[in-house]
Amino acid sequence: MFDLIIRNANLPDGRSRVDIAIGGDKIADVAVGIEATAAEEIDATGRLASPPFVDPHFHMDATLSLGLPRMNRSGTLLEGIALWGELRPTLTREALVERALRYCDLAVSQGLLAIRSHVDTSDPRLVTVEALLEVRERVAPYIDLQLVAFPQDGYYRSPGAVDALNRALDMGVDVVGGIPHFERTMSDGAASVEALCRIAAERGLPVDMHCDETDDPLSRHIEALAAETIRFGLKGRVAGSHLTSMHSMDNYYVSKLIPLMAEAEINVIPNPLINIMLQGRHDTYPKRRGLTRVRELMEAGLNVSFGHDCVMDPWYSMGSADMLEVGHMAIHVAQMAGIEDKKKIFDALTVNSAKTMGLDGYGLAKGCNADLVILQARDPLEALRLKPNRLAVIRRGKIIARTPARISELLIEGRPSLVDGSEYAPGI
Ligand SMILES: [Zn+2]
């Protein structure tokens, strides 16, 4: 007798019509035709059951602040940073907590149950850190929230940033951040990478830096980050976020850089929605895409996971907490439309991101946490195409969100009366 059994689910690895039995907060069994009963059963009717979506790169202190105190007129990264600088002194803990909790509601409804959020430590009041530490605790029953100490205005460029970052870590922030391309010089950027990796090594923490988020083909901070990762013994614990300059780098240089990144076991976190929106802004035509070299990095064996980065904030006016929207953009911008490509993109929104965040008990195997989402789609490829409704979101064995299937009524004589978009792929 189990607590919950999900019947007839398709899994991301291609298994179909599988039953998932849940006992307490763990997955007790995954097999075809489990002969047992449960207090509650869900018939997935051949829809996809996936481990929850994981966002490894977000800014929860800025989310849902769109229009405060004004809109970003140029649409650039730099005006976004300036705009955030105007808003920051007016932030209160209460308002930050309220916005973050509202975002987490949206995230849960989309089956997004783990988020790594950067937290700006530039304001010496550290009200952002206080607020998000409170949020981390309050959402813990339903979202794994990991926080990164992020010196948005530069670790060396902004007075007081060194002290503030250390205080944030003392307060319990989980990860050491950085922004070397925003320091005054390339050498200051490299020095910040060294200093921040040293702090991480001393404190036993992971690292996740905004790194080379420019179109500058000569930006070299990912090289420094990989080298310091190896030097400080941080292999596998360091993430390079964005890495957009790699799009513009010389190919010969990249042929040396990618093996170095692989040796350092760097976790790569592109943010396709933001990168395609913010990069290439100084170009006329042709305009660069600015997404890092996703296919090449995956082929070199690096762990690539995609972040949402922003939702309705000074940098990005759109977004919906739907990681499939992120993957949908990645397929287009990285030009990865093959069947195996799309499977890799789906992994980048789930298992790869969980690896980046170091989540324990993640997955759909026996013994894993009973966390999963059932989608109105048959398989990962269809999920990426449709960005479908999340029929059920389960956390530690309990259903925490439900959405009805999206079915349209058709009022045309001689044609079907109901249209379910998830039934239209050839071969289904
Ligand atoms: Zn970011």
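**View 1. Helix α4 between strands β8 and β9.** Strand β8, helix α4 (residues 161–171) and strand β9 form a right-handed β-α-β unit; the crossover counts as right-handed if, with the strands pointing away from the viewer, the path from the first strand over the helix to the second runs clockwise. Helices (H or I, at least four residues) and strands (E, at least two) are DSSP runs, numbered from the N terminus. The model is a predicted one, in which local features need pLDDT of at least 70 and side-chain atom pairs count only at pLDDT 80 or more, whereas totals for chains, interfaces and linings use all residues. Residues are numbered from 1 along each chain as its sequence is written. Strand β8 and strand β9 (residues 175–176) run parallel and are joined by 2 bridges; two strands are taken to pair if DSSP finds at least two bridges between them. Within this pairing, Val-148 stands opposite Val-175 in β9.

**View 2. Strand β8 and its partner β7.** Strand β7 (residues 112–120) runs parallel to β8, and 7 bridges join them. Opposite Leu-145 in β8 stands Ile-115. A right-handed β-α-β unit is made by β7, helix α3 (residues 127–139) and β8. Of the 7 residues of strand β8 (residues 144–150), 7 are buried, a residue being buried if 20 or more other C-beta atoms lie within 10 Å of its own, exposed if 12 or fewer, and partly exposed in between, with C-beta atoms placed from the backbone. Both faces of the strand are covered: one side carries Asp-144, Gln-146, Val-148 and Phe-150, the other Leu-145, Leu-147 and Ala-149, and all are buried.

**View 3. The open sheet of β1 to β4.** Four strands form an open sheet with mixed pairing, in the order β3-β2-β1-β4. Strands β3 (26–31) and β4 (38–43) stand at the edges with a single partner strand each, so one side of each has no neighbour in the sheet. Direction ignored, neighbouring strands of this sheet are turned by 20° against each other on average. Strand β1 (residues 2–9) runs parallel to β4, and 5 bridges join the two. One of the facing pairs places Phe-2 opposite Ala-38 in β4.

**View 4. Packing of helices α6 and α7.** Helix α6 (residues 221–231) packs on helix α7 (residues 251–263) at an angle of about 35°, with the axes 9 Å apart; axes are lines fitted to C-alpha atoms, for helices over the stretch in contact, and angles run from 0 to 180 degrees between N-to-C directions. The crossing of α6 and α7 is left-handed, the term for a near helix turned anticlockwise from the far one by less than a right angle, with right-handed used if clockwise. Ile-222, Glu-223, Ala-226 and Ile-230 in α6 meet Leu-257, Leu-260, Met-261 and Glu-263 in α7; two residues are in contact if their C-beta atoms, placed from the backbone, lie within 7 Å. The buried residues of α6 are His-221, Ile-222, Ala-224, Leu-225, Ala-226, Glu-228 and Thr-229. These buried residues pack against α5 (186–203), β10 (207–211), β11 (238–242) and α7. Gly-233, which follows α6, has a positive phi near 65°.

View 5. His-242 lies in strand β11 and has a positive phi of about 80° although it is not a glycine. His-242 is buried, with 30 other C-beta atoms within 10 Å. Leu-243 lies in the loop between β11 and α7, and its phi, near 55°, is likewise a positive value in a residue other than glycine. Leu-243 is buried, with 30 other C-beta atoms within 10 Å.

**View 6. Surroundings of Asp-371.** Asp-371 is found in the loop between α12 (351–357) and β14 (372–375). Asp-371 is buried, with 28 other C-beta atoms within 10 Å. Its contacts, leaving aside neighbours within four places in sequence, are Pro-51, Pro-52, Leu-113, Ile-394, Arg-395 and Arg-396.

**View 7. Two cis peptide bonds.** The peptide bond from Leu-68 to Pro-69 is cis, with omega near -15°, and Pro-69 is found in the loop between β6 (53–58) and α1 (77–87). The bond from Tyr-285 to Pro-286 is cis, with omega near 0°; Pro-286 is placed in the loop between α8 (272–278) and α9 (294–299).
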